Amino acid sequence: MQIFASHFGFFEVGPGPTLKPFRHDPAPSPVGMTHLDLARDPSRVLVPMARKGWLAGDGGAARGEDTFVELSLDEATALAARELDRVRTEHGNRAIFGGSYGWGSAGRFHHPQSQLKRFLNLAGGFTFAVNTYSYGTAKVILPHVVGAEHAEVGALSPGWDQIVGHCRLIVAFGGMRLANAQVEAGSTGAHRVGDWLDTFREAGGEVITLSPDARDAVQGTHIPIRPGSDTAAMLAMCHTMLVESLADAAFLQNFTTGADRFADHVLGREDGIAKSADWAAPITGVSADDLRTLARRLAGERSLLNLSWSLQRARFGEQPYWAAVALAAMAGGLGQPGQGLALGLSAVASVGQPVRGLRGPSLPMGLNPVTDYIPVARITELLERPGGTLPYDGKVLDLPDIRLVWWAGGNPYHHHQDLFRLERAWKRPETVIVHENVWTATARHADLMFPSAMPFERTDIAGSSRDRWLAYSPAVLEPRDGVPTDHEVLARIAAHLGLETAFRGGLDEAGWLAHLYELYRTAHAELPDWDRFRQKGFACLDAGKPAPKPLVPFAPLLAGKPLSTPSGRIELFSERIAGFALPDCPPHPTWLDPDEREEPLPFHLLSPQPETRLHSQLDAGRLAREARVQGFEVLRAHPDDLSPLELDTGDVAEVFNARGVTLVAVAADPSVRRGTLVLPTGGWFDPVTDALGRRVDLGGNPNVLTSDAGSSALSQGASANHPRVGLRPLADPTLIEIRKARI
């Protein structure tokens, strides 16, 4: 059986070739089956290209607005080698930023970040980034509150089998969108979140979702809530538990620290404001009665509190996660099977899956001699403020003077915020080198562009460390027009620098794949040998057997094993964070209004993951194309919000704030809370100057409008969620025809 493994899962390769559902997958992703649509798409990058102005020495002035000239691979790789050598000689290796953040490959060998980091480390190192846009705020706050052992993705979530067996109520802040569960870093052979939710309902379980968008409620009851107010709602539930003596006093006394100081805040002893349900109701838009009822049910039933990842991708994003820990501690389910707290059920396919993960190898990247780094979402500040500093997790980071940006396998003009600000900062480096397989905005903002083979044009092995499936994924098609892989491009650049032998490591592609697979077998001896694995196309740990029971989160704490927090307990008040003295991250869960720095515009903008692509990938696939209206991304809004603006479904409109303007096609949808707009992320950033002299994005990218402020000085995480925006009819109708001509 021939398998193609992608971030949307495994697919069988049929005649044509075509992609078909993997026979063992109960819910194969329809999006993943559109991969081959890109094979002949006109957006493909097929040859190395250099920007004319860069070749003429313009210093980046026309970056993003220039034309390109074609180069041979030898010419382009020699140029890249000379520029790297110039920058490291004149400015040192800390002047090189190795970006390469993104989901460029599900494979273990052809993983663009790993390939680029291996190369740059051999060349003397580079300034790097830590954490992720997806979970960056959580990754920093959780070690302070519940220990580093609970900070990784999925570590705080009980298994679905435990939830079905031991829980009867899930209260989900932000919802559990099944579209998100199509995706898994490293791929998967079986999408089971939908099945588990059905099984939970059949076992008598109930889901209550608090979200501004009813589409986030996959089953059960939906309660609309104002975007960004989740912390206030949770504090109010804590207040109810305290004043009605529902909080688990024994758990708070034995397994937490700072509960008394947190209670002083919730009850108003600290600041004179009781964080009651009556206080929270006008903030959240949720009735005081509903808030009190939810608190009583959480404390009185076998319950689980689930928070989506989106809640921490916001200004003060540490607070809802910390408040959720406090609320779950008071409810008393922490450490019990299937109860307590989960972070990100359905955020990706693997969270909550009761399986033994295939923890395996990655391409060896070597050691980076450069110690400078930034949190990943602070790229614009890095470029804007050379020589400046940045507070981060109790430290002060130096911001190097970046002269060379090198990016492979990612698209910052998708996942970063405030894109027009990024575009301005992006002109500052002397050189930007990008590897891409399609002409994304990042590719268009490069100086030197290397083509890269598509995932279905290269051979790899794929598997997630949180899942039990592993695939041998041979090339489905030959690389179009001989387009090289990132590995081959970097090897040729390395050759110009005398580093080719070290970079290739004495192995070709087949040799590396066999070597990496043997490392999997060292960790999991039950896997078949290399030849049988390739013949079958996939392997699965514990196939056909009951899943091994995973560890219950916090059960070791209840059994006497301390957490890795300073106190060894769950910290509802953190002395360590108090010592940082951060005005935007208090030492206990606190309601801070994320609108305080936003314009007084009438709408909050939500930007969930799209249902028809992964981030900005597969934007040229047929499902993404068919979802657009007149070539524009679709924005959903409540009908009562559209009618005063004289906008109807299908109209092209402008979404705007001081950061920029982007164009959308509107759709009336009563499932969206009034005062809220919903525009999925991933539309390709496509800026033009309109007839009124304005810079306008035709691509419907919500990150034109989102804030690039860090979540706080603690985590410096992305704060993309719920900026304030306005909506109005299109001012320059000629943009509709311009858009049609560009797609």
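**Close-up views of a predicted model**

Figure 1. Leaving aside residues up to four places away in sequence, P386 is in contact with L399, P400, D401 and R428. A95 is 291 residues away from P386 along the chain, yet the C-alpha atoms of these two residues are separated by 9.8 Å.

**Figure 2. Buried and exposed sides of helix α25.** The helix spans residues 734–742, and L735, I736 and R739 are its buried residues. Viewed down the axis of α25, these buried residues fall within an arc of 105°, so they line one face of the helix. E737 and A741, on the other side of α25, are exposed. What do the buried residues of α25 pack against? Their partners are four strands: β26 (652–657), β27 (660–668), β29 (687–689) and β30 (695–697).

**Figure 3. The edge-to-face pair of F10 and W469.** This view shows one of the 26 aromatic pairs in the structure. The ring centres of F10 and W469 are 6.2 Å apart and the ring planes stand at 90°, so the pair is edge-to-face. The pair joins distant parts of the chain, since F10 belongs to strand β2 (residues 9–14) and W469 to strand β21 (residues 469–473), 459 residues apart. F10 has 0% relative accessibility and counts as buried. W469, at 7% relative accessibility, also counts as buried, because the limit for that class is under 20%.

**Figure 4. The edge-to-face pair of Y472 and F533.** In this aromatic pair the distance is 6.3 Å centre to centre, with 65° between the planes. Y472 lies in strand β21 and F533 in helix α20 (residues 530–536), so that the pair links distant parts of the chain, 61 residues apart. Are Y472 and F533 buried or exposed? Both are buried.

**Figure 5. An aromatic cluster.** F97, W407, Y413, F420, W426 and F685 together make up one cluster of aromatic residues.

Figure 6. The largest share, three residues, comes from α3. By residue type, the lining of the largest pocket divides into 14 nonpolar, 19 polar and six charged residues.

Figure 7. Among the 29 residues of its lining, G154, A155, R359, P550 and L551 are the closest to the centre. The lining of the second largest pocket consists of 14 nonpolar, ten polar and five charged residues.

How values were computed:
Residues are numbered from 1 along each chain as its sequence is written. This is a predicted model: local features need pLDDT of at least 70, side-chain atom pairs count only at pLDDT 80 or more; totals for chains, interfaces and linings use all residues. Side-chain values use heavy atoms; hydrogens and water are left out. Buried means under 20% relative accessible area, exposed over 50%, partly exposed in between (1.4 Å probe, protein chains only). Helices (H or I, at least four residues) and strands (E, at least two) are DSSP runs, numbered from the N terminus. The arc is that of the directions from the helix axis to the C-beta atoms. Contact means heavy atoms within 4.5 Å. Ala, Val, Leu, Ile, Met, Phe, Trp, Tyr, Cys and Pro count as nonpolar, Asp, Glu, Lys and Arg as charged, and the others, Gly among them, as polar. On a 1 Å grid over the protein atoms alone, a cavity is a set of points where a 1.4 Å probe fits but cannot get out, and a pocket is an open set with protein on both sides within 12 Å along at least five of seven lines; lining residues have an atom within 4 Å of a point. Rings of Phe, Tyr and Trp (its six-membered ring) pair if their centres lie within 6.5 Å; planes under 30 degrees apart count as stacked, over 60 as edge-to-face and the rest as tilted.
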